[in-house]
Amino acid sequence: MEKFTTLTAIAAPLLRINIDTDAIIPSREMKRVSKEGLSEGLFAGWRYQSPGSREENPDFILNQQPFRRARILLSGVNFGCGSSREHAVWALHEWGMRAIIAPSFGSIFQGNCVRNGIVPVALANELVESLARQVTADPAKNLLTVDLAACTVVAPDGQRHPFTLPDADREMLLEGLDSIAVTLKRDAEILAFRERDRGRRPWIYLEAKGAG
Amino acid sequence: FCTMDHIVDTTPGRTDDTRMPGGREFITSTRASALAAGIHLFDLGDDRQGIVHVVSPEQGIALPGVTLVCPDSHTCTLGGLGALAWGIGSTEGEHALATKTLAVRKPRSMRILFEGQLAPRIYAKDLILHLISRFGASGGAGHAIEFAGSAIRALPVEGRLTLCNMAVEFGAWTGIIAPDESTFEYVRGRPFAPTPEQWDRAVAYWRTLPSDPDVRFDAELEVDCSQVAPQVTWGTSPQHGGGIDGRVPDPATETDPNRRQSAERALQYMGLEPGVRLEGLPIGAAFIGSCTNSRLSDLREAAGVLRGRHVASGVKAICVPGSSQVKKAAEAEGLDKVFRDAGFEWRESGCSMCFYAGGESFGLEERVVTSTNRNFENRQGPRTRSHLASPATVAASAIAGSLSDVRKLPST
Ligand code: SF4
């Protein structure tokens, strides 16, 4: 995974609440057995004129300049709620998004972000709205900065807004770590736990049951 | 374990060719990968096949005290048995398979007490829809929620699965219910459940699982169940709902600007005006199925309403049993005949029209009353308008051709 340290970029405000992963990428756009080529389906229901078409809806923010170059998305509470589809994060990432700033996130979505190099930044609703106002005033000039090392968002007006991210998540993003490799360093402990647990709860383990 | 559910067709005589774009490739590569990795596969044609969250309790894979993950957000369903189960993304799935573990942060805890007795024809589905409409779709955000109280103790296991199924629609990390005697009875004898030799030890362990009596939760809510009416949603979030005897609310009365805007958008999408009565709203289709409400008890309740009646003309009505086992058991009771006689299609099991992936769907702007869990925009088809409700309410509405109060139908 690529490392994330600091990003200064155009931010696109999409201030709706409860944007679900079906809206981020509709099921009909997840045709491949692959992580690639999904960005075309990003927000397909809103971005195109009609389902299935590729004719752009000019009213949708990501179809407008300069937001086509946005790397940061501003949104409302509970962003990424609903289906666990990681395609939502893959589509956002392939489209170019690297950080999402919202008051709260769907919990599976949040985990998926961290594992794919997108920073989920939780800021209070008033702050998100204030950032959106500042950005909208002059989107190409009023850039936002997400500084992951310092865990702050720097607004166009120069104000710094701290946010929190669990240490493990922050480290994974900063270092671009592969979580499987990190865990497997503790394989001996995992196996020892399983041995103990197998003695205590043998019915959990299929081998002990001889079920085929 | 692996089962074929989302992508398969549910029409009789189905094969690997599905109506979903890319379906065949998905099915064949899933099959090949499962076999190569030594994963138990409930394939097409296997009589254990079905929707994953219906199959895993049925097969005794989900058990009290088991930690279980699946790359599907409704994995929280299994909390109904006292399993700690939650949905994950694909990368986390890979991690779980490769390392047998997942690192999770301890979530905040919440307890929701459902107290009082349910009125007749009020179900777990009504309770959870009521909860979400009252406290919002992010009311449980990030929490592990224990559902407790007298109404939960009285709820049969299948109802508990329905309730926990929609914990994710409340924003929860997962939902869970303390296992008790009904849980043990439900689990006993299932294929992957503890063997008779292991049984007593397993039950002794399960009895240690309930929360301590003096435990403190980060948040507590209480719901009086005796007043809950049959619920139906009117918008595009599960929080947009209320009693069947209510009206579509006026977004203008909403003080929070975000919620107002979301309600306005929802009404526009749903083609509804503020103040319209929910009861009597004409529908074009009725769907009974999904991991929320497609178990045997759900089909029995719906069949109880349908018996001796027929769906209104022009209503497309479909029933999709949640698993091949449910289908078989329902047919053994003659429920398939009740559904068919009433004008319902009777399908093979799978996710079916709970979601739209380019395959089968309801029509443009079709109004559907559905026993599923998500009324999101385009969830069941392009511009399809979904109204979530219990299977009994779906059945009653199918008969009337409009959203209906199932309490008003005399039993047959
Ligand atoms: S039935 Fe619907 S909600 Fe349940 S797993 Fe299938 S698609 Fe998802």
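Across the interface of chain B and chain A, 17 residue pairs are in polar contact, with both partners at pLDDT 80 or more. This is a predicted model, so treat what follows as a tour of computed features.

**Where the chains meet**

- The contact draws on 57 residues from chain B and 49 residues from chain A.
- On the chain B side, the elements giving two or more residues are helix H1 (23–37), H3, helix H8 (196–206) and helix H9 (257–270).
- Among these contributors, H3(B) supplies the largest share, with seven residues.
- The size of an interface is often given as the accessible area lost when the parts come together.
- Here chain B and chain A bury about 4300 Å² between them, and 56% of that is on carbon and sulfur atoms.

**Salt bridges between the chains**

- Three salt bridges are found across the interface of chain B and chain A.
- One salt bridge joins Arg105(B) to Asp169(A), with the closest N and O atoms 3.3 Å apart.
- Arg115(A) also forms a salt bridge with Glu92(B), where the closest N and O atoms are 3.5 Å apart.
- That pair runs from the loop between helix H4 (107–114) and strand S5 (119–122) of chain A to helix H3 (residues 90–99) of chain B.
- Both Arg115(A) and Glu92(B) are buried.

**Salt bridges within a chain**

- Over all chains, the whole structure has 38 salt bridges.
- In chain A, Arg201(A) pairs with Asp197(A) in a salt bridge, at 3.0 Å between the closest N and O atoms, and both residues are buried.
- In chain B, Asp180(B) and Arg160(B) meet in a salt bridge at 2.9 Å, N to O.
- Asp180(B) sits in the loop between strand S7 (174–176) and helix H7 (181–187), and Arg160(B) in helix H6 (residues 157–165), so their pairing ties together parts 20 residues apart in sequence.
- Asp180(B) counts as buried because its relative accessibility is 16%, and Arg160(B) counts as buried at 0%.
- Arg19(B), Glu345(B), Arg347(B) and Glu360(B) are linked in a salt-bridge network.

- Lys125(B) belongs to helix H4 (residues 124–135) of chain B.
- A polar atom of the Lys125(B) side chain lies 3.0 Å from the backbone oxygen of Ala389(B).
- Leaving out residues up to four places away in sequence, Lys125(B) touches several others, including Thr162(B), Met166(B), Asn293(B) and Ser390(B).

Note on methods:
Residues are numbered from 1 along each chain as its sequence is written. Chains are lettered from A and ligands numbered from 1 in the order in which they are written. This is a predicted model: local features need pLDDT of at least 70, side-chain atom pairs count only at pLDDT 80 or more; totals for chains, interfaces and linings use all residues. Side-chain values use heavy atoms; hydrogens and water are left out. Helices (H or I, at least four residues) and strands (E, at least two) are DSSP runs, numbered from the N terminus. A polar contact is a pair of N or O atoms within 3.5 Å; within protein, one must be able to donate a hydrogen and the other to accept it, and residues adjacent in sequence count only if both atoms are side-chain atoms. Contact means heavy atoms within 4.5 Å. A salt bridge is a side-chain nitrogen of Lys or Arg within 4 Å of a carboxyl oxygen of Asp or Glu. Buried means under 20% relative accessible area, exposed over 50%, partly exposed in between (1.4 Å probe, protein chains only). Buried area is the accessible area (1.4 Å probe) that two parts lose on being put together, summed over both.
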